[in-house]
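Please read the following report alongside the sequence and the coordinates.

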Amino acid sequence: MRGGIVPPEIKEDLYGEWGDIGYNVCYDCLEGRSSLCGKPPVKKHLEKIAAFFGGDAAEHTFGCRGAKYAVMSAIRSLHLENDNFCDYVIVDPNCHYSTIIAAEMNELKTVEFPHSGYPEYTFGAEGYAEKIEQIKKETGKLPALAVVTHADPYYGNIPPIREISTTCKNYGVPVLLNAAYTGGVMPINIKELNVDFISLSAHKSMMSLGPIGYVVTTHEWADRVFRTSQAMPGWSGRTFGKKIPNIFGCSIGGMPLISSMMSLPFVEKRIVNWEDELKKINDFVDQIEDIGDMMLLGQRPHRHHLLHFETPRLWTVSNEKRDKGFYPAKFLINNGVVGLHKGMSKHIKFSVYGLTDEEREKVLNAFYDMAEVSRKQEN
Amino acid sequence: MSTSDKAREKYEPIRAYLGMKYELVGAKLIPESDETTDISEYDKPGGRKWYCQMVREAGTGKHVAATLEDFACANAELALSLRKPKYVNIPTMIKETTRAVIIGPIEGADVILFIINPKQAMHLALLLGGLSAEFKGDVAVCGEATAQVIVEGMPNMTMLCNGARMYGGYTDSDAVVGVPPFMMDKILEKVMEKQSCGGALCGCLITDLPPEVVQNFKSIGFEKNSDFFMGTVSGRSVRVYINKDERGGLAQLTMLLPIKVKEGAEPTVMPPFVTKNRDSWMDIYATLDVASAGLDLHSGGDVILSIMKTMIDAYIKFGGE
């Protein structure tokens, strides 16, 4: 995942200063929760994260899935406390599996609507509206949450978020934007997009070691998502008032958190160049499609760096090779290009985000060389 | 590691798949004519026991070799041919007199015994492609699951007998299935097939197209890609996408020809084909209603191919044609 490449500038300090101790974040913790820690300044970092995404409050989580779990858990409490909401969550048909698992863990039911199918796989607000109406009719209640995947993991499509969130909010349904693939790569603002929660992945898109993610929300929802522990086991009189159950009390610390803190200035700097990056990505798509029998699946022009091509000829050629489906990845590795998913040849996914012009050229040439070998083989 | 451990390890995925509490139990009858097998390397049962009891204990790891004096149940002695009947009319399936029974090891066993519950039996039946349950409630683990399976070479399930329930330590929900050893590899193969059908490399199955539909398109030269098929018709690269209705039914078939526009002159397209531009690509496509077009997605491959060919030849004229 190109968006998670750690800036070389921080590596020395990251390992040199923080690499010796497992409990490195907790060493000077005086508050009993890593997100309240002043040294290193985790609390300040989370304030910056919230502000960076236009939100009011943020907590770090065990990856993006931890963020989604926290939101789903809060939504479950909403459903249990408020008779207007049932236990349904509407998810888009391209959502990441962890969205569905997070709902499942919270005993929430997920429903999806159709996408447009091959070759674009897009969807819009109408799918959400239809499902909300259907659920209202069946249960007499509103779904407790709508989830929109901002750049999906399959095709890198960007749906019309504002239109979707407005539709859902008009019904009174809260909206979670899963920005695992976009938050930290392109500008995102929770208020401009009119959503209630954003889930983020620092190791996917914020130049950090993993596993770490964030949940960002507004004041309206912060109390519910970040509600602190009320538990009182009894006999000993112990309580844990600073711990947040939805993020398992005190969330992940150590190198992932330190890494994300050190990377944030680089993330802030790079998103300014997003439109330039996007143009380079689409130019690359045009060039690689000129090879022939390679076609980008998903939206055109593409609005994200995740590229998914169908490659029927590559599959035919790979079948003739000893390595079969592993041939494309091996060929590229042997030509100095790493990162292609091993075992895939009928269709391939990759990203050239953040590469220099020379590096993109190298990737392109490697694909051209592979095509040339294929042509010779076919002849 | 002994050879029996290796066999047990090999078949462990079967036990894991079924979620079995007990280990698989092998039973091997040593005939009197076999003077070479040394049973002294196995433990003795430790007193007189029921055969079904020894089988259940072997399911917890206690492997033994039992001879006539170790048996507490006359029915088992007769069923396993440790003793021939003199005064009762019990058919003896095992012709040769048995010197000893080795209970536990899988390697070299004459029968593999599964101690399972009804749900597990259902899954085992699916793996076996069917399972007979021929039982009388008498001479059960020894006769119905062991001797009968050895002689007939077919799996059989027994619902046990009173002796097994009273003295053998079996619970109300336990049953025993005897399986001939030669069938174990086939069962294992089925289990591995089921475990490997995770779908995409990420472990998520992104389409539930039935295998028959995939096979049907394969038979006409179309290969399944992520959730669509790719192939060639009349020398043109064609994709087939199965559109689902609201309830997930396979309602429509879309054939689609993606054309890179700058590659040549724009094709002429007639209905039912329509076009859609996507940046530098033009999609030529037609969607057919499966029911009204009389398409059989599960087995009518030749008809589908013929319809696609007729339509493409008649309604799309490419530049230069």
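## Aromatic rings and the interface

Tyr121(A) is buried, with a relative accessible area of 0%, and Tyr155(A) is likewise buried, at 3%; both values come from a predicted model. Over all chains the structure holds 19 aromatic pairs, and one of them is formed by Tyr121(A) and Tyr155(A). This pair links distant parts of the chain, since Tyr121(A) sits in the loop between β3 (109-112) and α5 (125-139) of chain A, whereas Tyr155(A), 34 residues apart from it, sits in the loop between β4 (145-149) and α6 (161-171) of chain A. Tyr155(A) also pairs with Tyr154(A), which is buried too. The geometry of the two pairs is set out below.

| Ring pair | Centre to centre | Angle between planes | Class |
|---|---|---|---|
| Tyr121(A) and Tyr155(A) | 4.0 Å | 5° | stacked |
| Tyr154(A) and Tyr155(A) | 6.2 Å | 45° | tilted |

Ring pairs join Tyr121(A), Tyr154(A) and Tyr155(A) with Tyr241(B) into a cluster.

Between the chains, 23 residues of chain B are in contact with 28 residues of chain A, and the area buried there is about 2200 Å², of which carbon and sulfur atoms give 58%. There are 5 salt bridges between chain B and chain A, including one in which the side chains of Lys260(B) and Asp290(A) meet at 2.9 Å, N to O. On the side of chain B that touches chain A, at least two residues each are supplied by β7 (223-224), β9 (236-244), β10 (250-260), β12 (274-278) and β13 (281-289) of chain B, and the residues of that side divide into 9 nonpolar, 4 polar and 10 charged.

Methods:
Residues numbered from 1 in each chain as written. Chains lettered and ligands numbered in written order. Predicted model: local features only at pLDDT ≥ 70, side-chain atom pairs only at ≥ 80, totals over all residues. Heavy atoms only, no water. Contact = heavy atoms within 4.5 Å. Buried area = accessible area lost by both parts, 1.4 Å probe. Salt bridge = Lys/Arg side-chain N within 4 Å of Asp/Glu carboxyl O. Helix = DSSP H or I, 4+ residues; strand = E, 2+ residues; numbered from the N terminus. Nonpolar A, V, L, I, M, F, W, Y, C, P; charged D, E, K, R; others polar. Phe/Tyr/Trp six-rings, centres within 6.5 Å; stacked < 30°, edge-to-face > 60°. Buried < 20%, exposed > 50% of the residue type's maximum accessible area, 1.4 Å probe, protein only.
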